[in-house]
Amino acid sequence: MKIKKIFLCLTLGMLVFTNVSCAEKVSEAGKAIAANPAEEKAIETPAAVKEVQPQPQEELAYLKVEAASVSGFDETPDWAPRPDPMAPFDASLETRWSSAYKEGEWICMDFGKPKTVSKIVIKWEQAYAPSFEILSSDDNTTWSRVILLADQNGGTNEISFQPVTTRYIKIVGLSRVNAEWGISIWEIEAYGPKDKNPGELPYDQAFSGKKEKSALEKKREEINLIEGQIVPSPGPIVNTEFQKGINYTSWSTNELKSDMSDYSLIYLSQLGVGEVALMAVYYQDDVGSNKMYYDEKKTTSDESLGHAINIIHSLGMKVMLKPHVDLVDEEARSNIIPSDEWFKNYKEFILHYASLAAKYNVELLCIGTELSNTTHERWKAQWLDVIKAVRKVYNGPLIYAANWDEYDTVSFWNEMDYIGMDAYFPLTNKNNPPKEELIAAWNKQADILEKWLETSGHNKPIVFTEIGYDTVAGSNKQPWRILPTLASQVESQDEQANCLESLFMVLTNRPWFKGFYWWNYFPRPDIGPLGYTLRGKKGEKILSEWFKRLN
Ligand SMILES: [Ca+2]
């Protein structure tokens, strides 16, 4: 974890500090400003700033926060954590505050009475604020600026300053690392001189109920990864095996090597998950572009993938590596217009991941996802060339993830070990249909697939590389859709659970069906209630019961 220490002290009424290189980054302290700090955005230049060595550290007491309030909450259906202003004050890196997607969002902590504060620690989620200010107030109305910081890099900020006696402290985001996001914080800790804060408990005792390590933390300690070593596979995926999978999705560089991700993978292994699909996402500007590229802010790094694969293998689970191409303009990847140049670049992209799969003992490689416009007969020779090259560097089985409306035009199924489908087939045209109707719908769909296997002559097992339903009423009607907004949706854990149960009930009886990968699970445990994830929901019990029963 990145730790940035900022020491600050007040000399002759003026801020002085180290580790902050330019004068523009800090303003004068103690200046009363507007009650709505978001309105004051200008970064002030102090008259004079003198760098000094940090003062010797006093013994500090942890200052317990009694209450908190925030300017707003993230309302994204798939991503948003529970809207709890106290989430950054619970000593848990599994809970966080995520703001509305605006500038100037703030979180305010209330100590319940005046306390003397000299240090704030902020543990940012990946949506950090490069510039932010810390304000103090005695009445939650009139605010004074304690410090303003710019050019920060997220991770953990440890901010020390001359003690201020205050009941309220507010942290105001002044910029966002990604303008498409809000700002988000796992934990905030406040400290002050021990002699000025009598009666405060040490941090550990303030959260004595949390002192006990969680089962996930204990299990993580048992996993001993040695740097540079690659964990062997627990065994190949064989043809007779029912793949009990989930898609484990991250759209950021380092998330898959975080402790949080390790805990989530342990959690998944305890549910009975047998296979974890990991994405590697490259970006292409639009459907007509010939080139897909690694995005340094969003593509999961090879190091993070390697770490996650090692953890998954340590837990006895297997891996499907599933590279994706996402379009920057958010058009569907199924509309990509291929060319020989596109295939040349695609081959390079997929060979990179074939090599990574070989290196880390990955059990199944998906050579493409929902590239409908590239997989029909017209481009068969190009795909055969890609597949031949992949087989030279990777010995394990291959699968292609066809979109639900694409599978019958893919020209290279004969070269695959499995027929993969992202199986977002519409089931009924009703909200919350009775389970019997969902079972009937799945039987009808299974018959269609069975007939297609017979008539096409493809003697291969089918695996659903993706299948999933939002946790909302009507999710079975168009399971592929992306929810527009939270506000217009009605939660339905029942419909999601019934869709999953009927899938199990029907397809486990079809001998050609060899499993599925639920879309989706996140490394974060605190994902919003309406999305595809099953974490903590009714459907998860069904998933776990069936997974533990199968094989
Ligand atoms: Ca927390």
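This is a predicted model: local features need pLDDT of at least 70, side-chain atom pairs count only at pLDDT 80 or more; totals for chains, interfaces and linings use all residues.
Is Ala446 buried, exposed or partly exposed, going by its C-beta neighbours inside 10 Å? I counted 19 such neighbours, so Ala446 goes down as partly exposed. My cut-offs, with C-beta atoms placed from the backbone: buried means 20 or more other C-beta atoms within 10 Å of a residue's own, exposed means 12 or fewer, and partly exposed is in between.

Residues are numbered from 1 along each chain as its sequence is written.

**Entry: around Ala446**

I found Ala446 in helix α7 (residues 435–456). Helices here are DSSP runs of H or I with at least four residues, strands are runs of E with at least two, and both are numbered from the N terminus. Leaving out residues up to four places away in sequence, Ala446 touches Val506, Leu507 and Arg510; contact means C-beta atoms, placed from the backbone, within 7 Å. I also looked up the pair Ala446 and Leu507: 61 residues separate them in sequence, and 7.1 Å separates their C-alpha atoms.

**Entry: the whole chain**

I logged 9 helices and 21 strands. Of the 551 residues in the chain, 44% are buried. I then took contacts between residues at least 6 apart in sequence, and 79% of them join residues at least 24 apart.

**Entry: α5 and α6**

Next I checked how helix α5 (residues 340–359) packs with helix α6 (residues 380–393): the angle is about 25° and the axes are 9 Å apart. Axes are lines fitted to C-alpha atoms over the stretch in contact, with angles from 0 to 180 degrees between N-to-C directions. The two helices are therefore roughly parallel, a label for angles under 35 degrees. On the α5 side the contact includes Phe343, Tyr346 and Ile350, and on the α6 side Val386, Ala389 and Val390 are among the residues.

**Entry: nonpolar cores**

A nonpolar core is a set of buried Ala, Val, Leu, Ile, Met, Phe, Trp, Tyr and Cys residues joined through C-beta atoms within 7 Å. The largest one has 91 residues, and Ile246, Val276, Leu278, Leu321, Ala357 and Leu365 touch the most other members. Helix α5 turns up again, giving the most to this core with 8 residues.

Technical notes: Angles under 35 degrees count as roughly parallel, over 145 as roughly antiparallel, 65 to 115 as roughly perpendicular and the rest as oblique. Two residues are in contact if their C-beta atoms, placed from the backbone, lie within 7 Å.
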